[in-house]
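This report describes the aromatic rings of one protein model and some of the residues around them.

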Amino acid sequence: DEDILTIQKLIRALNVDIAFITARNGQITRSSEIDLVISENTFNQAALARKRLMLYPDISIGAFSSGKLIPAVTEHILKFKLPLDRSRLISQCKDLKQRNTLTDNNEGKIYHIRGLTELIGLTGYHEVDCCPYSQKVAIQSVGHLPTLPKPSDAEQHSQDETVCKSFMIFSGTALDESRLKLWLTSCRPVISKKKSLRTKESLTFQELQTIRDKLKLIPLPPGYFYNGFDQYVEEHLRGLNEVIEKRNRQIDAVPQENLF
């Protein structure tokens with residue numbers, strides 16, 4: 001087919017090493033070809049990424065315009081200074097698909113996230129690439145600290161570059177910075193909340209019944225009965241409150257740093 005040959009020639013002009021797969025009626029049967037089609041990391045291979053940047057050095061900063069989009073897709077950069085929780089980051093990225101579908105209009109929809117961050121429990125920095133609609137989240141370690149890209153349509157912030165080395169770039173429509181910050185904060189470990197001390201009024205019926213059952217097991221001399229229920233309640237409350245106070249002190253000992 002002459003049209004197919006023309007298309008192949010145009011594509012080879014961009015990548016001379018490209019391989020084409022012949023698939024009759026769109027079907028492929030060989031396992032090697034299937035592996036090529038469903039590969040999730042080929043595009044991100046260092047050699048291929050280097051070749052793209054050498055052929056089109058301005059592609060990483062969005063210098064090529066494909067025309068006006070409606071609704072307009074913009075990028076927003078958030079810099080931050082604390083490591084993220086890997087499992088929560090993956091979970092929040094995958095939840096974005098459902099959040100996007102719950103929005104009737106295009107306000108606040110996130111189509112892509114990429115960036116660089118430290119992860120709790122792991123050394124060094126990690127590149128993050130998230131596509132919510134395919135629910136693919138790629139996280140890989142980097143051996144150096146890349147320079148923060150500066151897209152032409154992204155807002156620039158005056159934060160200290162030496163402090164905020166981590167960043168995330170959100171691509172979407174009508175993005176709101178405060179909502180993006182809330183989303184990124186949700187990728188941090190959950191902060192435990194302090195508990196209030198227990199009182200007699202806060203004891204449930206089941207807790208009071210448990211105390212009564214324990215009193216029944218205390219052996220007494222014949223003809224005696226025990227009427228010190230209130231005393232046992234106070235002892236029970238002291239034990240509960242000692243545990244609560246210890247836990248609250250541990251929470252106070254953890255510094256509550258600002259992510260941004």
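Rings of Phe, Tyr and Trp (its six-membered ring) count as a pair if their centres lie within 6.5 Å; planes under 30 degrees apart are stacked, those over 60 edge-to-face, and the rest tilted. By this rule there are two aromatic pairs.

| Pair | Arrangement | Centre to centre | Angle between planes |
|---|---|---|---|
| Tyr111 and Tyr133 | stacked | 6.0 Å | 25 degrees |
| Phe170 and Trp183 | edge-to-face | 5.7 Å | 90 degrees |

The model is predicted: local features need pLDDT of at least 70 and side-chain atom pairs 80 or more, whereas totals for chains, interfaces and linings use all residues. Residues are numbered from 1 along each chain as its sequence is written, and side-chain values use heavy atoms, leaving out hydrogens and water.

Helices (H or I, at least four residues) and strands (E, at least two) are DSSP runs numbered from the N terminus. Tyr111 belongs to strand S2 (residues 109–118) and Tyr133 to the loop between strands S3 (125–131) and S4 (136–142), so their pair ties together parts 22 residues apart in sequence. Phe170, in strand S5 (residues 166–173), and Trp183, in helix H5 (residues 177–185), are 13 residues apart, and their pair links distant parts of the chain.

Buried means under 20% relative accessible area, exposed over 50%, and partly exposed in between (1.4 Å probe, protein chains only). Tyr111 is partly exposed at 26% relative accessibility, as is Tyr133 at 35%. Both Phe170 and Trp183 are buried.

Gln92, in helix H4 (residues 86–101), is buried at 10% relative accessibility. Leaving aside neighbours within four places in sequence, Gln92 is in contact (heavy atoms within 4.5 Å) with Arg99, Trp183, Ser186 and Cys187.
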